Amino acid sequence: MSRTALRICPLCEATCGLTLTIEDARVTGARGDREDVFSKGFICPKGASFGAVDGDPDRLRAPLVRRDGELREATWEEAFDAVAAGIRPVVERYGPHSVGVVLGNPNVHTMAGALYPPVLIAGLGTRSLFTASTVDQMPKHVSSGLLFGDANAIPVPDLDHTSHLLLIGANPLESNGSLCTAPDFPGKLKALKARGGTLTVIDPRRTRTARLADRHLAIRPGTDALLLAAMATVLFEEGLVDLGHLAPHVQGVDEVRDALREFTPEAAAPACDVEAGVIRTLARELAAAESAAVYARIGSCTVPHGTLASWLVDVLNILTGNLDRPGGALFPQAATDRTPRPAGPGHGFALGRWHSRVSRHPEAKGELPISALAEEIDTVTEEGEPVRALIAVAANPVLSVPDGDRLDKALASLDFMVSVDPYLNETSRHAHVVLPPPPPSRSPHHDFAFNTLAVRHQVRYTRPAIPLEPDRMAETEIMARLVLAVTGMHGADPSAVDDLVIGQTLGKAVKEAHSPVHGRDPRELAGLLTGETGPEKRLDLMLRLGPYGDGFGARPDGLTLEKLLAHPHGIDLGPLRPRLPQPLKTVSGKVELLPEPIAGDLPRLRQALAERPAGLVLVGRRHLRSNNSWMHNVPALTGGTNRCTLHLNPADAERLGVRDGAPVRVKGAGGEVTAPAEVTDAVRPGVVSLPHGWGHNRPGTRLSHAATDPGVNVNQLLDGSLLDPLSGNAVLNGVPVEVAPVAAPEASPLAENVGAVSSAKL
């Protein structure tokens, strides 16, 4: 007997609505939900493979506890007893900072990952927080914090209405979008062109997105900030600056003009390998467009000047009057955002409130660079205790962080480690306790993070499509019990965590003059919350207090969980709208166009005007059917074009004597790997490309399919020493490497005979 159920896809940032076919508590099919208010039926190969991801036989079904050096299945009670016994003594003997917390990318794709890590970190009181943000997007958070006073105030391009889109280091036809939540991103780009708009792509690779563009510029990797600075200089030189409606809300325009004066197109062109005339044309077209948006992603973040590049993206949007206007770049407002406060000065954004113990890296947004995790574990200094225990939630830093070999050894030296992960992977294999969440079909879903980056206002929620089996534990309960176990409250009812958060949130809300519940009794309000679980009550609370909420009766037509449940395909809340000055939280209450940390980093960018790589440089890439290291264990999502090969230009291949398909050795500061060569003109001369997320060849894992075609770990080519100084983000792109063909071993008669026998068997 089959049935259907709705589910929001958690496998990338597009958050598409799915209709699942379910037979005997098993997902047997997935198609796009045509009635979904946001995705309207769009689906990608990952979403279509939801059933295979959900039903992967290598998913752990029960907790694992290390006994006599081996991970063995245990009961949930035994697992949490072991967590409490392993973490608390470390905290009590060495202090809270000796416990590190690592949060991986999947955390922002689940309700549990959104709701509980903040409570965990606050409860521990640790400053040793490391997340995937510092190998991905931290430069954008830092630049937004410095410009707007809020690290999470990230403008997104108004894809449905813009007439001119400039993409830098982004490949949304493969990624489905990032820091810009947009189902059917490819369709939106095609619609832009169909209505007569212009698409320009700046990328050292001719990606699928670049092939769709009106103009593709194969820039030299790592020089995005120079190109953007030169474009801004053209706007000033040629009198093209026009803030329009932004003028009352911006300070520092003249200071930016003076600071960028040296970055002329003629000065930047040799470093960028883009003609000065082309740079001037880019700036003029941006200024002349009826509406325009500049959007940059990971390729511009994971470079030496990532924060400056992210800052300059918004500088260009501001100087052309395209920030906070339809068709430009606007600030989304999610249904679960905090109650909007009145516009006015805020506390601003600060960097370096504390530093890492070994290399003294400044914190950013409460995080330390994840590239520093290994040294924070394996290096003793006089600056305090090393990290002796680790809590890793949906994280696989052995593959995602530079120099995984060093981190691999460091993890093995920990006093204690707990991993919340459905797989025994390259990182979780070191854990003393592994807590496996259930498959996504058995979990509720609401996109707390991605709705703050969505290109249209909407709200959606799906309950579990399939009930939990008796021996499984909900991911939200796992995380609540983990909070209790590591904060000295082991054994308490997990509902205590949700009750605590609800009480604290309402206690603050009733004291805020701008809150719809100002002056009311928080206990009475808590009693009005609906929902079958603690997480649902917290969602109801956030919806009611949010910008579209009912304010606990103050706005009768507003959102509540009950209203959302009555709309299973979601509720459309309309297009993005101008919001300034309300989102600004700077001390001045204005956009601060040239913050001091940015001005202090510009001399380093001036030095880059004279830099030229002497040899090959490396860039990453991603595949449509992958999401970091998540999906290589799913047969339906591997093979074909989704392969771990080294892309290199035909001219470089000929010069190096590399044949297509032959093995090549790639050497960097952190080590070397060997991968098959894929000779292609899709990558510019002087540049080679390896995809990230591979390297599934370490012992002790349970990834049976991934191990059959493990690929190589591109991050092993990096030693972790290269960071963007403002954000602590790892430099993954534009790094120098050496490439050479692997010499074939001399064949012996015995080898020839063995080969013949093997061929005969095939």
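What follows is a walk through a predicted model of one protein chain, from its overall build to a handful of individual residues.

Residues are numbered from 1 along each chain as its sequence is written, and side-chain values use heavy atoms, with hydrogens and water left out. Since this is a predicted model, local features need pLDDT of at least 70 and side-chain atom pairs count only at pLDDT 80 or more, while totals for chains, interfaces and linings use all residues.

Let us begin with confidence. The pLDDT, which is the predictor's confidence in each residue from 0 to 100, averages 95 over the protein chain, and 98% of the residues score at least 70. Over residues 746-762, however, the pLDDT is below 50, and beyond near neighbours in sequence this stretch has 1 contact in the model. Contact here means heavy atoms within 4.5 Å.

Now for the overall build. The protein chain has 26 helices and 26 strands; these are DSSP runs numbered from the N terminus, with helices being H or I of at least four residues and strands being E of at least two. Its C-alpha trace spans about 80 × 70 × 60 Å along the principal axes. The radius of gyration is 26 Å, which agrees with the value near 27 Å that a compact globule of 762 residues would have. That radius is taken over C-alpha atoms, and the globule rule is 2.2 Å times the number of residues to the power 0.38.

Of the 762 residues in the protein chain, 60% are buried. Buried means under 20% relative accessible area, exposed means over 50%, and partly exposed lies in between, with a 1.4 Å probe and protein chains only. Among contacts with a separation of 6 or more, 73% are between residues 24 or more positions apart.

How far apart are the mean positions of the 76 positive and 88 negative charges? They are 2 Å apart. In that count Lys and Arg are positive, Asp and Glu are negative, and His and the chain ends are not counted; each charge is placed at NZ of Lys, CZ of Arg, CG of Asp or CD of Glu.

Serine 98 sits in the loop between α3 (76-94) and β6 (99-103), and it counts as buried because its relative accessibility is 1%. Beyond its neighbours within four places in sequence, serine 98 is in contact with Val90 and with Glu385, Pro386, Val387, Arg388 and Ala389. Serine 310 belongs to helix α15 (residues 306-319). At 2% relative accessibility, serine 310 also counts as buried, and it touches Pro139, Lys140, Ser143 and Cys301, residues up to four places away in sequence being left out.

Next come some backbone details. Most residues other than glycine have a negative phi, and most peptide bonds are trans. Where does a cis peptide bond occur? One joins leucine 580 and proline 581, with omega about 10°; proline 581 is placed in the loop between β19 (571-575) and β20 (591-592).

Alanine 25, in the loop between β2 (17-23) and β3 (26-32), has a positive phi near 60° without being a glycine. With a relative accessible area of 46%, alanine 25 is partly exposed. Phenylalanine 552 is not a glycine either, and its phi is positive at about 55°. This phenylalanine 552 lies in the loop between α22 (534-545) and α23 (561-565), and its relative accessible area of 6% makes it buried.

Glycine 570 is found between α23 and β19 and counts as buried at 9% relative accessibility. Leaving aside neighbours within four places in sequence, glycine 570 is in contact with Val37, Val459 and Arg460. Aspartate 403 has its place in the loop between α17 (397-400) and α18 (404-412), and it is buried, with a relative accessible area of 15%. Its contacts, again leaving aside neighbours within four places in sequence, are Gly670, Asn715, Gln716, Leu718 and Asp719.
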